[in-house]
Amino acid sequence: MDTKEIENIVVSSLEDVKGQDIVVIDVRGKTTFTDVMVIASGTSDRHVKALAENVVVNAKKADIMPVGVESDAHNEWILVDLCDVIVHVMLPRTRDYYNLEKLWLTDKPVEKLQAISEKLHSVG
């Protein structure tokens, strides 16, 4: 399955459960660990969890096995790794704090983005 098809499954899954402010960012050329990031907000920790679970369920129905699902203790941020597409589902305050859109929608050199990304992943 190609990246665009996976992206479509993710976006549909988020929309089905009323995900908010869904943003798709093509990160090819900025990092080597994925091609696309999808970022969405949920209205509560339960909503964030439901959004992430719907992505996982629909990915599996399409024979896409998640590489991993990571979350913090309070479900403020859940990451679903589908290899070519990484999904970040967050509460709005968490999303505002980390501002991933600003991080990845920049023209900074790849090396700087990679260092920032590695730092973020080591925190989680």
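Predicted model: local features only at pLDDT ≥ 70, side-chain atom pairs only at ≥ 80, totals over all residues.
I'll start with the inventory. The protein has 124 residues, and 45% of them count as buried. Its secondary structure amounts to five helices and five strands. Reading from the N terminus, the order of elements is α-β-β-α-β-β-β-α-α-α. The accessible surface is about 7000 Å², and carbon and sulfur atoms account for 50% of that. If you take contacts between residues at least 6 apart in sequence, 57% of them link residues at least 24 apart.

Now the sheet. The five strands form an open sheet with mixed pairing, in the order S1-S2-S5-S4-S3. Which strands stand at the edges? They are S1, residues 20-26, and S3, residues 68-71; each has a single partner strand, so one side of each has no neighbour in the sheet. From one strand to the next, the twist averages 15°.

S1 and S2, the latter covering residues 36-41, run antiparallel and are joined by five bridges. Take Ile-25 as an example: its bridge partner in S2 is Met-37.

On to the interior. In soluble globular proteins, nonpolar side chains tend to be buried together. Here the largest nonpolar core has 22 residues. Which of them touch the most other members? Those are Val-10, Leu-14, Val-80, Leu-82 and Val-87. At least two residues of this core come from each of H1, S2, H2, S4 and S5. H2 gives the most, with six residues.

Val-10 is worth a click in the viewer. Setting aside neighbours within four places in sequence, Val-10 is in contact with Val-38, Val-55, Leu-82, Val-85 and Val-87. Two of the partners named there, Leu-82 and Val-87, are also on the list of residues that touch the most other core members.

There is also a second, separate core, of nine residues. Its members include Ile-25, Val-27, Met-37 and Trp-77.

Technical notes:
Residues numbered from 1 in each chain as written. Heavy atoms only, no water. Pairing = 2+ DSSP bridges. Helix = DSSP H or I, 4+ residues; strand = E, 2+ residues; numbered from the N terminus. Axes fitted to C-alpha atoms, helices over the stretch in contact; angles between N-to-C directions. Core = buried A, V, L, I, M, F, W, Y, C linked by side-chain atoms within 4.5 Å. Buried < 20%, exposed > 50% of the residue type's maximum accessible area, 1.4 Å probe, protein only. Contact = heavy atoms within 4.5 Å. Areas by Shrake-Rupley, 256 points an atom, 1.4 Å probe, with all protein chains shown as cover.
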